[in-house]
Amino acid sequence: MAFFRVEELSMWFGGLAALDGVGFEILQGSIFSVIGPNGAGKTTLFNCINGIYKPASGSILLNGRELTGQKPHAIAKLGVARTFQNIELFSQMTLMENLMLGRHLFMKTGLFRGGFMWGRKSFAGREEVLHRKKAGELIELLELQEYRGRPVGALPYGIQKRVELGRALAMEPKLILLDEPCAGMNAEERRDMIMRIKTVKEALGAAVFLIEHDMAIVMDISDQVLVMNFGKPVAQGTPGQVQAHPEVAAAYLGEDDPDECLA
Amino acid sequence: MNASLELKDVQTGYGLIQAVRGASFAVRRGSVTALLGNNGAGKSTLLKTVMGLIPGQPQKGEILLDGERINGMDTESIVRLGVSYVPENRAVFHQLSVQDNLIMGAHVRKDRRALKTDLERIYEFFPILADRVNQPAGTLSGGEQQMLAISRAMMSRPRLLLLDEPSLGLSPFLVRKIFHIIRIIRNQGVTILLVEQNVRKALAIADYALVMESGRLVSAGPSTDLKNDPRIKDFYLGLNIRETQEPSC
Amino acid sequence: MRTHILLASFALFFLIACMGFPAFAEEGVTDTEIHIGQWGPQTGPAAAWGSVARGTGVLFEMINEKGGIHGRKIIYHTFNDAYNPAQTLAGVKQLQESVGIFAWVGGVGTAPGMAVKDYLMERKVPWISPASGSMHWIDPPQKYLFATYPLYKMEAKALCRYSVEILGKNRIAIAYQNDDYGANGLKGAKEELAKHGLTLVAQVPVDTGEGDLRPHAAKLKQSDADTVLLWVAPKHAIALLGAAKAMKYDPQWMSTSTCSDYPYLYDISKGLWEGVITTFFGDGPDSFGPLMREYKAAYDKFAAPGERWGTFFTAGFGFAEPLVEALHRCGRDLSRERLVEELEKLQYFRGVMGRISFAPFDPDDPMCRQGQTEVFIAKCVEDGDMVQLTDWLKID
Amino acid sequence: MDMERDHYEDVAFFTSRLGVFWFVILASGLLLFPFIASNYLKTYYIYVANCIAVNVIAAIGLNLLVGCTGQISLGHAGFFAAGAYATAALTGKLGAPFLPALLIAASLSALLGFLLGLPALRLEGPYLSIATLGFGLTITQIIGKIQYLGARQGLHAPDLVIGPFNLNSDAEKYYLFAAMAFAACLFARNLMKTRVGRAFIAIRDSDVAASTMGVNLMIYKTLAFAVSAFFAGLAGGLYAFVLGYIQPDTFNLLMSIMFLAMIVVGGLGSISGAVAGAVLLTWLDLTLRNVLDVPVLGDWLKSLSQSYFSITGVSNIQYIVFGSIMVLIMLFEPLGLHGIWLRTRQYWKARSDRGRRG
Amino acid sequence: MLNGVAAGSGYALMGIAMVIIYKTSEVVNFAQGEMALASVFFTYLILQNYGIPFVYAMPLAALFAVFVGCVLEFAVLRRARRQTTLGMIIVTIGLEMILMGLVSWKFGADHKVMPFPITEFDSIWLGGFYVTTLEAVTFSVVWAVMLGLFVFYRYTRLGLIMKATQQNRSAAKLMGVRTNRVLMFTWGLSSLVGCIAGLLLAPRSMEPFMMWDPMLKGFAGAVVGGMTSIPGAVFGAYFIGVVENLFGRYASMEFKSAVAFALIVIVLCVKPSGIFSRHYVKKV
C-alpha cells in the first residue's frame, strides 16, 4: 500500500529547475532510495517533503494528506522525521537532551509546569521521566549508553550520525528521511550504520527514505530505487532494474561520446 | 624531478570527519591527472587541502609543489606560486562583470600590459564571454559561469590547474565543450589535476587516473589501464563483479 | 566529602574571626576630622557638571591649609555616580556606612539626589545645597535638607519680569528641556506672564539626548517671538543659537544660571553668546570680590592641571559656603543638631552666592529650607565679559 | 545498568549528597548575609546585594533570550523600565498590594516582549539589534511623556509593604529580593531542563532541525521574548524599590548594554554564568566609581593622567575597563566566566584522576 | 523638510561608513561613532595644541582615521573573526567603550571648539529656507563621498579587489588576493568616511558624546537601506532625517527622536532586510 506519494513535484531556484516533475510512491515499511550525481536535486526533494522549501507545483501526500504548504513543525507532527547531510544536531545539548527533542511532540509540559517543576511527582517531573525512559530505550537500541550525558558537539563523527538517527527515531515517525547517513564513514562504519537502519526499521515499522552515494549499500538494502539527474527522475524500480537501465550508467559514468574516443 | 605536485601521506580532517586518510601521489608535469571516486570519497577535500583552504590542515604529511613544501602556507601565497583552482561551485563574483571577473583572475600577475592580450585571447576563445563582457557574472548560465571560472583561473597563467568537477550540473553539450577546453589548456602545457564524476569523460582526457574511496587512494595508474578496469563500473553502479560491456571504442 | 566540610568550617571560622565591634560618637566627627561627602558625574553625558564636586574639594583644601575649622580638618569624600541614581545611592550608602559622613554638600542632579534623599533624611544626615533648583528639595521641607540653589521657577519669573517690565517685550517663547529643570522653568514663565496678562507664544521641548536642534529653532522662528527663554543644557543652548543665527532669527535670548558661564559659552558658541541675558545665582568667576580672588588663588594652588575656572567650579565653592560658615559657628562642640541649629540661624549670609537665609523648621513652609531666593540678571558682552543689569532681585 | 537508571536524576535539582551539602552552605550563607554584613561588614553591602539580586534576575531573563534562544536584544532596559514604572504606579498611585502589582507589571512587560517578538520573528542580526534598540529608546521617551507616571520628573515608589510586613530597611528588602532572585534562578533552571527550554536551545543551535522536530518556531521565539521580558519586568519592579525613585533617563541604552555585558562576561546560555556575570559587573560598576582611590594603581593612574591625559576625565577609566573586559572575554574566552569555571573543573578532574592513577 | 535633509547628511556619512564595513565583513560596527570621535579629537589636538595649519591638519586627520581603523581591525577584529553576530556586536560595543573612555580621559567632558574654516552661521536663502554654508558643504560632501566611492569601486583596481572580496572572500583568496589586508583597508576606509562625518559635525557641537546620535541614526538609516548598499544607506539616512523633522514639526517635538526608531521597527516588519536588499532563500 502506498502510504506516501509524491506527484509531479517541481521547484526552481532562480530559473534553474532543482526539481522537475518528480513523482514516486513509497510503500509502508519499505526502504526507498534516491540516487543521482551531485546537484541532482535529492536534498531539495527532502527539503520539500519536510516543509523547509515550498515547491512550485505538485503535491506530496502522506496517507492522503497534503504536505505541501505546511510548516515543518506541522509536517513533523504528521510523522515525518529526517536527518541531515551535514549533521544538524543541537551541539551543546547532551545526547539525551537531543533525543528528548525528538519527544517534543509527545510532551505537554509548558512554560509554567516546566518552570515550576517541583519534584518527581509533579506533572513535568513525571513526564520527563516517562519520556527519558523511552529515549533511554532508543539509546540502548543504538548502543550509545556511554555517551548518554555528553554534549553531542564533542562526540566522534560516526556517533553523531547515529545520534541524529536516534533523534529522528525518537519522533516515532511513519516516514523517516535519511540524508546520506553514511557520508564520511569508512566501510566498516557504513556496514554498521546500515545494519542499524535495518534493525530500527524493523523494530519501528517506519518507511525509510534514503539518500546515499554508496551504491553497494543502496543496491543491497533498498526495496525501490529512484535515480535522479538534473532534478528529473531518470529511472525507478528495484535495484536490479535500475542497474540495468542504460540512462543510469550515462548519468553516472557520462555518456559515450564518439569524438572523445577519437582523441 | 618530474612531478609538479606531490603529496606524501596527506591526512585531512574536516571538523569531525577524517576526510582524507593518507594520500600519496604525484602529478606529472604537463599531464592531466584525473582524481575519481564517489561522492564523499574525499576528492574535493584533497584539492582544498592542497590550496590551503582548510585551516590547520593537513594534519599530517607533506604537499610539495615543484619540490617545495607548501603545506601550512595560506591560500593567497599558494596562488601566487602559480596554482589555480576552480572550485566545485565555480565561485565567480556574481555582481562583478565578466571582464572584472577575468581581471580579478590576473590579480597576482605583475605584467599589466599582457593582460589586454590575454583578455583578447580569452574572448576569441569564448565568444560567448565576449558577448557578455559587461554583464554581471551572476546572470550567466551555469555553463557560461563554468567557462568564466576556468578562463579566470587561466588568466593568472598558472603552472598547475586544479579543477573540481567542472562538468557538474551541465548539460551533455556543455560537458563536451568544457572537456574540449580542458584539452586545449593541457595542450598549452599546463599541468592539470581534475576531479570528476563523469568517469568516461575524465578517463578519456586524462593521462593518469587516481581512484579514491573513503579518503584513501585505492588505485592509480595510466588512465588507459583504468579505463579497462571493470571494477570501476562496478564501483560506481554498485554492481557485483559481473561481465560488463566495454565502451564501444 | 571530608575536604568540603573542612573547607566550609574554615570559611565559617574565618567569618567569626573577622568580627569586630566598632563604636560611634557623633558620626563623621572626631577630634581632628570632619567627614564631608559629595557625589557628582565625572563620566557620561552629564560629566560637564562634575566640576562642582571638584570645586568644593579645592575650597576644603584651602580651609584645611589654614588649619581647618576649630582644629578639625575637613576630610572630603567624593565619588563619581555617572548621573546614575543607582550608583549615587550605592556610593552614598557606602561612604555613609563605612566612613560615616557628617554632612553632605552639593550633589549634581535631581534624579541622583532624589534617590538618596529619603535615605539621608531617615538617618538625619544634614545635606546642604543640592546642586539643582528643583522644587523636590523643599516641598515638602525636610529638617536636614537645606537648599540654596535658587529655584528654576524663580529664575524664570525674574527673567520674564525683566523682559516685560524693563525691556518691554511681549512675545516671549521658551525652549525647555523635557525634564524637571525645564518643567520648572516653563511653570515659572507661565505664572509670571499670566500676571502681566500674557502667554507664551511658543513652548518647544528639547529632549536631553537630542543632537539636531534646527527644527526647534525653526519652530521658535515661526512663532516670531522677540524673547526666547532657553531652559536647556549649555550645549543645546548654543546649538539653538547657532541654528537660529543661520535662519537669520535674532530675538533676545535669555537663559538660566545653568548657562551663566559666559567665557565658556562665548567660546564654544564662537561669540554668539554675546548679548544673551541670564540670571546669576552667585558672583561671576571673574568678579573682583575679595572672596572670589581668594578662591582663585586656591584654584591656582590646588586645582588639578586642566581644570577650568568656570561657573560650575566656583559654584562648588559657593554651595559649600553655608556649611562651612555653620561649622565655624558651631565651634568645637560639633553635632548634627548643632549644625542644623546654626544653619537655621543664618540670616543674609553672603559668600560668593546670593544672600542665604534659613528659618527654623516648619513643615508647612517650604521656604524655611530654601536659603537663597535672589538672583541677579546680567548680560554677556564681548569676549564673554559680564555686565550686571540688575542688583540682586528677590523673587517670591 | 541503564535499565535501573532512574531518569529523574537528569532533571533533579540535587544529583548527589555533595550537591545538597553545598546548597545548604550556599543557602545559609545567603540567609545569614544580612547579619554578617550589618555586624561585621557594612550594611552598604546589603544594598549592593539588592542591586545584584535585581541584576541577576534581569541577566537571567536576558540570557534566556540571547544565550539560550540566540536572539539579540539591545533594548532590555525598555522592559526593565516598563516593569519598574508599572509596579511603582500600581502600588503608589493605585494602592495595589506589592506582589500582585509586581506580577501584573512583569506580565505587562511580557506582553511588550511578546509584541516586540512578533516582528523579531522575521529579523536577525543587525536588523534585530536595531529594532530592539529602537524599542528601548522609544519606551523611555513615551514614559517621559506620560504625566501620570511623573513624566521626566520621575516617580516615587511607595513603601514596600507585603501583607503585614513593611520592608523598610535594605536587610528586610534583601530577603524578598534574594528570594525572588533565587526563585528566578530556579525557574530558569527548571525551564531549561524541560521541554520549553530544550526547544529554545534547539532553535539557537539549529532552527531548521528544531522545526523538523516539531518545534513551532513562531511560538517559541515569541515565547522567549515574552519570558525574557517578564524577567526584566520583574527585575525592574524590584529596582523601583531598591531606589525608591525612578526616572526615565535611568533606563538608557547603557543599561541595556550592561545587561548584555553581564551575560557575555558570565557565559552565554548558562544560568550560573548569568548570575556570576551579574554579580561581577554590578560589583565592578559600583566599585570602579573611584578608580583613583585604589591603593597603588590609583597613584600610578594619577601621574599617568597628569602627564598624558587629564585628571578631570580620569573616571572614564571605568569605561575602558568595561570595554576591555568585553573585548577580551570575546577574544579569549567566549564562554565567559562559565567557560573558565568549566575549564578549571576539567583541569582539576584530570589532575586528580592522574593523581589517583599515579 | 530641508532641515531633515540637512540632518540626514550627517547620518548618511555614518551610515555609509557602517555599510562599508558590514558589506565586507558582516560586522555591525558599534564603534564607528567613537572611531570618528577619536579622529575628530586628534584633529582638534593637532590644530589647537600643535598649531598645525588647517590645510595640513586635514590630510593628517585622514591618515590618523585610516590608521585607527586599520589598527582596530588588525588588533581586535581579525582575532574575533570566528565570532557569532552577537559576539561581534559585543566586541564592537566594547571597543566603543574603550575609545570613548580614552577620549574622555584625555579631553575631559567640556565642550571644545573646533577651529574650522566653514561656519555654521552663514546661510543662504534657498526658496523658502535658509541653508547654512556648513549644511551645504555637508550635503555636497555626502554626494562627493558617494561619487568618490562609486568611482573608487567602479574604476580602480583596489576598488575591484574590495568588491570581489566583499562578494566572495574565499574566491578572492583563490585569485591570490591578500584578503586580510583588504579587510584592514576596508576598516581604514570606513574610519575615514566616519572621520569626515565627525569633522563636519564637530563645528556644531564637540564633546565626547557627539557621535552617539549620528551613529545610531546612521545605523538606523543603513538598516532601512538594507545594510549592504551605499546608496541605500544614504537614502535611509535622509529618510530618517526627513521623517523625524516632519514629525517634529507637525506632530510632536518630544517624540522627534523616538519616531525614527519606531519607524524602523515598522519598516523592518514589512521588509525584514531593509528596502534596498534582495531577499534570498537560505540554503540548508
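Trainee: What makes strand β1 of chain A a partner of β2(A)?

Mentor: Eight bridges join β1 (residues 2-13) to β2(A), and the two run antiparallel. Strands pair if DSSP finds at least two bridges between them, so eight is enough. A strand here is a DSSP run of E, at least two residues; a helix is a run of H or I, at least four; both are numbered from the N terminus. This is a predicted model: local features need pLDDT of at least 70, side-chain atom pairs need 80 or more, and totals for chains, interfaces and linings use all residues. Residues count from 1 along each chain as its sequence is written, chains are lettered from A and ligands numbered from 1 in written order, and side-chain values use heavy atoms, without hydrogens or water.

Trainee: Which residue stands opposite Leu9(A) in β2(A)?

Mentor: Val22(A) does.

Trainee: In what order do the four strands of chain A's open sheet lie?

Mentor: The order is β2-β1-β4-β5, with antiparallel pairing. β2 (16-27) and β5 (65-66) of chain A each have a single partner strand, so they stand at the edges, with one side lacking a neighbour in the sheet.

Trainee: Which chains have the most contacts between them?

Mentor: Chains D and E, among seven pairs that touch. Contact means heavy atoms within 4.5 Å. Each of these two chains gives 49 residues. In contrast, chains A and C do not touch; their nearest C-alpha atoms are 23 Å apart.

Trainee: How much area is buried between chain D and chain E?

Mentor: About 4,100 Å², with 79% from carbon and sulfur atoms. Buried area is the accessible area (1.4 Å probe) that two parts lose on being put together, summed over both. In chain D, Tyr127(D), Ile130(D) and Phe309(D) lose the most to chain E, together 15% of what that side buries.

Trainee: Which element gives the most to the side of chain D that touches chain E?

Mentor: α5(D), with 13 residues. That side of chain D divides into 33 nonpolar, twelve polar and four charged residues. Nonpolar means Ala, Val, Leu, Ile, Met, Phe, Trp, Tyr, Cys or Pro; charged means Asp, Glu, Lys or Arg; the others, Gly among them, are polar.

Trainee: What share of chain B is buried?

Mentor: 60% of its 249 residues. Buried means under 20% relative accessible area, exposed over 50%, partly exposed in between (1.4 Å probe, protein chains only). Chain B has ten helices and ten strands.
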